[in-house]
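Subject: Structure handover

Hi,

Here is the structure I promised to pass on to you.

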Amino acid sequence: MAKRRANGEGSIRKRKDGRWEGRYTAGRDLVTGKAIYKNVLGKTRAEVKAKLKLAIEKSGVQSLRTERYTVGQWLNTWMENYAKLRVRASSHKTYQGFIDNHIKPTLGNVPLEKLTAMDLQKLYKYLLENGRVECTESRNRPKGLSVKTVRNINQMISSALNCAVEQRLIPANPTKGCVLPKLERKEMKILPPEGLGTFFEEARRSGVFELYYIDLATGLRRGELLGLKWSDIDLAKGIIHVRRQVLRQNGEVVEAPLKTKNSYRNIAIGTDAIEILKGIEQKDEYVFPSPFGGPMSPDSVLHMLQRVLRRAGLERIRFHDLRHTFSVLALQNGVDVKTLSTMLGHYSAGFTLDTYAHVTTSMQKQAANAVGNFLSGTLQS
């Protein structure tokens, strides 16, 4: 009778032919889900015990089915059986784009167990320099992918390879040996308060005043602004319900869920914003639709912004900097950080405070000087 051993240590028994046998689980078949068993043999129990220990250690290095997977095949398996169940539909589509456009063409046919950190390092270097897929939207952009995109690709690959390690298909995750490019925070710019009047005048002449005014009055992200529908707005109460975003996926403009639970929020709007919204003709379910109906392209509003800025004689900024402009103006006009954090849909007030530390520091200095002047006055009296 085999002596009972702890989980993960296998089992040992004496066979009818007089030899000793050790049996252990070497993983699971990802197709059938059944356990894969292996055994070792020896003349004595001590010999088999030693062999069994060594075999179990090695079983973490390679399983019976490793040779059946290339990197591309494993990513497909991981996407279908793991990622599809754990990530949002929009993220799943993004991952599929990463795999089809950036990983498979270079590493798709590499055997999974032979993938190295150097293979991945070379891939990331290539993507940073020449990784952008040729399409209409990227015609005037740099040839390489952004640092953020490359880091996101690495994160996805790491998740897939962690799963492969858990399934005992590979001994370790090679992404841990990669050096990733540093993500440098882009300089925050805002529309200068003295230039807002000129900006709005040019936006009105260009027919896009309402869109940019509402964004500056709410701090909505670009996708959230374009995803606004009339059913999301309660003009009587002055409330906007942020419920979705519009983004470009695989060359198409589509609706998508918001990125985090904090992004689903209700924003109060002022009297001027309410009147501006009332003045917009409701031609479509979207507040700011495409000329052809349906949601407007995120690229279009960015191009329009650059035209308005150029014609107004203002410095070029990103669309996201309109959100920064709203935030800075709110803080400078007395809105507390907690309230602003809720309006922006941030996950914490601490993140908002870190993002706009330069503004709050300046405000604290002003407050300190004001209190100091008051106290100085009491000393002199």
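By cavity I mean a set of points, on a 1 Å grid over the protein atoms alone, where a 1.4 Å probe fits but cannot get out. The volume of the largest cavity is about 50 Å³, a volume being the space filled by probe spheres set on grid points that are joined across faces, edges and corners. Its lining (residues with an atom within 4 Å of a point) consists of Val71, Trp74, Leu75, Ile103, Leu112, Leu115, Leu120, Ile157, Ala160 and Leu161. Helix H2 (71–86) and helix H5 (147–166) are the elements that give two or more residues to this lining. By class, the lining has 10 nonpolar residues, no polar and no charged ones, where Ala, Val, Leu, Ile, Met, Phe, Trp, Tyr, Cys and Pro count as nonpolar, Asp, Glu, Lys and Arg as charged, and the others, Gly among them, as polar.

A word on the model: it is predicted, with local features needing pLDDT of at least 70 and side-chain atom pairs counting only at pLDDT 80 or more, while totals for chains, interfaces and linings use all residues. Residues are numbered from 1 along each chain as its sequence is written, and side-chain values use heavy atoms, without hydrogens and water.

The protein chain has an average pLDDT (the predictor's confidence in each residue, from 0 to 100) of 86, and 88% of the residues score at least 70. Residues 61–67 fall below 50, and this stretch has 17 contacts (heavy atoms within 4.5 Å) beyond near neighbours in sequence. Where pLDDT is low, the coordinates should not be read in detail.

Now to the sheet. Three strands form an open, antiparallel sheet in the order E4-E5-E8, with E4 (233–234) and E8 (265–268) as the edge strands. Helices (H or I, at least four residues) and strands (E, at least two) are DSSP runs numbered from the N terminus, and two strands pair if DSSP finds at least two bridges between them. E5 (residues 239–242) is joined to E8 by 4 bridges, and isoleucine 240 stands opposite isoleucine 267 there. E4 and E5 share 2 bridges, with aspartate 234 partnered by isoleucine 239. These two strands form a hairpin with 4 residues between them, and glycine 238 in the turn has a positive phi of about 70°.

Best wishes

How values were computed: 1 Å grid on protein atoms, 1.4 Å probe; cavity = no way out; pocket = protein on both sides within 12 Å on 5 of 7 lines; lining within 4 Å.
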